[in-house]
Amino acid sequence: MTSSLTSPPGESRVSLPATTWLRVFFRLFAVQGSWNYETLLGNGIAFCMEPALRLLPSGRDNPRYAEALARHARYFNAHPYFAGVAVGALARAELDGVSPALIERFRTALGGPLGSVGDRLVWASWLPLCSLLALAAFGYGARPSLVIAIFLGTYNAGHLFLRAWGLRAGFSKGLRVASALGNPILRKGPQVVGSAAALLAGIAIPLAASRVIGNGRFLAAEIILVAMLGGVVFARFGGRVEGWRLSLVILGLFVFFSVIR
Amino acid sequence: MSVTLYRIDDRLIHGQVVVGWGQPLNIGFIVLVDDDIACCDWEQDLYRMGVPPEMEIVFTDVKGAISNHAGYVSDKRRGIVVTPDIATMHRLVDGVKTIGDVNVGGIHYKAGRTPRLRYAFLSPEEERELSVIAEHGVRVTAQDVPNARQVSIAELLLSKPVEEKSA
């Protein structure tokens, strides 16, 4: 291994014109447009990066332009909302003239963590949270159009923010983008959002069931109180609560309730 | 045994490993076995960002993984050992005779490789190396995520390439 592969280059003064930023950003919405089992996101990454590569000296006439496009069209995988981090960081590396060998190592190392962070933050946390928020609104009696608007509004706000933040963070940090991924929002975010989604599930599901069944009595206050108490119990004893024990406790409460009522 | 999965995956740390396998198996640590990454701090920083704060990630080369394997097994937490390619897993299996199962989780397209499954592209040399691992008494199967069908090595190597199947 050469020394150039052990240390990414430092800060540079390369900047992107506003029109290039916009071109790259809007292309990010099509990053999965040519997804396939051989290159996965590879073609999309090259497509998104292309406007930035035009800024290489001599632009499209520079042999490095074609070499860079070919390099980034190869196999690459990441979460689509975090692809902007890769596009920004790799474009910056190309414009900084980083060696192809180091860029190859970097893109190999970057894809997996971007997939992992995205899966945990978006698929496992943000998407359930937005769905449950909409379900809770339905349970509270919101009109169907408002329920749909709440889901689409919150979910899309999240992914638009992630795409914009990712592109900016990737380009500004370049090969040192690990520091941006160490942001507390990304590190602790999935856990916090996941906990909020769990609490919301405790509120939304009974509320929605109550509205669907139509038992004639609005139990919102009781449901929220029980869900919050449950949240406190899980936060305090979560590590010791296992599925079968929890099931036994709930079963016991049902039996107790049916005896005393 | 606290190492619940020995996985070959060229993406190493990613969503399928951390979320797909990590959550249902309640994984507490991941051992990333790669000779190059083991001596490269900035690459380690990147991979470290891919695991949640409560999950430990250990970077080691093959030699270190073999000498520390007893420690992984005796750990009270459950763990995953992941290598980037078949050759690295082969060296690990050669050095640790107690490894009983190896999971092919992701080997993606590269020139010279034939698609065997959607997530497993193998060159003739890699196919031979997988067979050698299996001949050591190791049960080799392919499975990308826990709820997917487990494919035996015989089925993996004897199967027609993916394009021909779908044609």
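Reading strands, helices and an interface

Visitor: Is strand 5 (residues 101–106) of chain B enclosed or open, and why?

Guide: This is a predicted model. Burial is judged residue by residue: a residue counts as buried if 20 or more other C-beta atoms lie within 10 Å of its own. In strand 5 of chain B, 5 of the 6 residues are buried, so the strand is largely enclosed by the rest of the structure.

Visitor: Which strand pairs with strand 5 of chain B over 3 bridges, and in what sense?

Guide: In a regular strand the side chains alternate between the two faces of the sheet. Strand 1 (residues 3–9) of chain B pairs with strand 5 of chain B in the parallel sense over 3 bridges, and B:Ile8 has B:Val104 as its bridge partner. Strand 8 (residues 139–142) of chain B also pairs with strand 5 in the parallel sense, over 4 bridges; there B:Thr141 stands opposite B:Asn103.

Visitor: How are helix 4 and helix 5 of chain A oriented to each other?

Guide: Angles over 145 degrees count as roughly antiparallel. The axes of helix 4 (residues 83–95) and helix 5 (residues 100–139) of chain A cross at roughly 170 degrees and come within 11 Å, so the two helices are roughly antiparallel. The crossing is right-handed. Contact residues include A:Ala89 of helix 4 and A:Phe106 of helix 5; by class the contact has 9 nonpolar, no polar and 1 charged residues.

Visitor: How many residues of chain B are in contact with chain A?

Guide: 23 residues of chain B are in contact with 30 of chain A. Helix 2 of chain B gives the most to chain B's side, with 6 residues. That side divides into 14 nonpolar, 4 polar and 5 charged residues.

Technical notes. Residues are numbered from 1 along each chain as its sequence is written. Chains are lettered from A and ligands numbered from 1 in the order in which they are written. This is a predicted model: local features need pLDDT of at least 70, side-chain atom pairs count only at pLDDT 80 or more; totals for chains, interfaces and linings use all residues. Two residues are in contact if their C-beta atoms, placed from the backbone, lie within 7 Å. Ala, Val, Leu, Ile, Met, Phe, Trp, Tyr, Cys and Pro count as nonpolar, Asp, Glu, Lys and Arg as charged, and the others, Gly among them, as polar. Axes are lines fitted to C-alpha atoms, for helices over the stretch in contact, and angles run from 0 to 180 degrees between N-to-C directions. Angles under 35 degrees count as roughly parallel, over 145 as roughly antiparallel, 65 to 115 as roughly perpendicular and the rest as oblique. A crossing is left-handed if the near helix is turned anticlockwise from the far one by less than a right angle, and right-handed if clockwise. A residue is buried if 20 or more other C-beta atoms lie within 10 Å of its own, exposed if 12 or fewer, and partly exposed in between; C-beta atoms are placed from the backbone. Two strands pair if DSSP finds at least two bridges between them.
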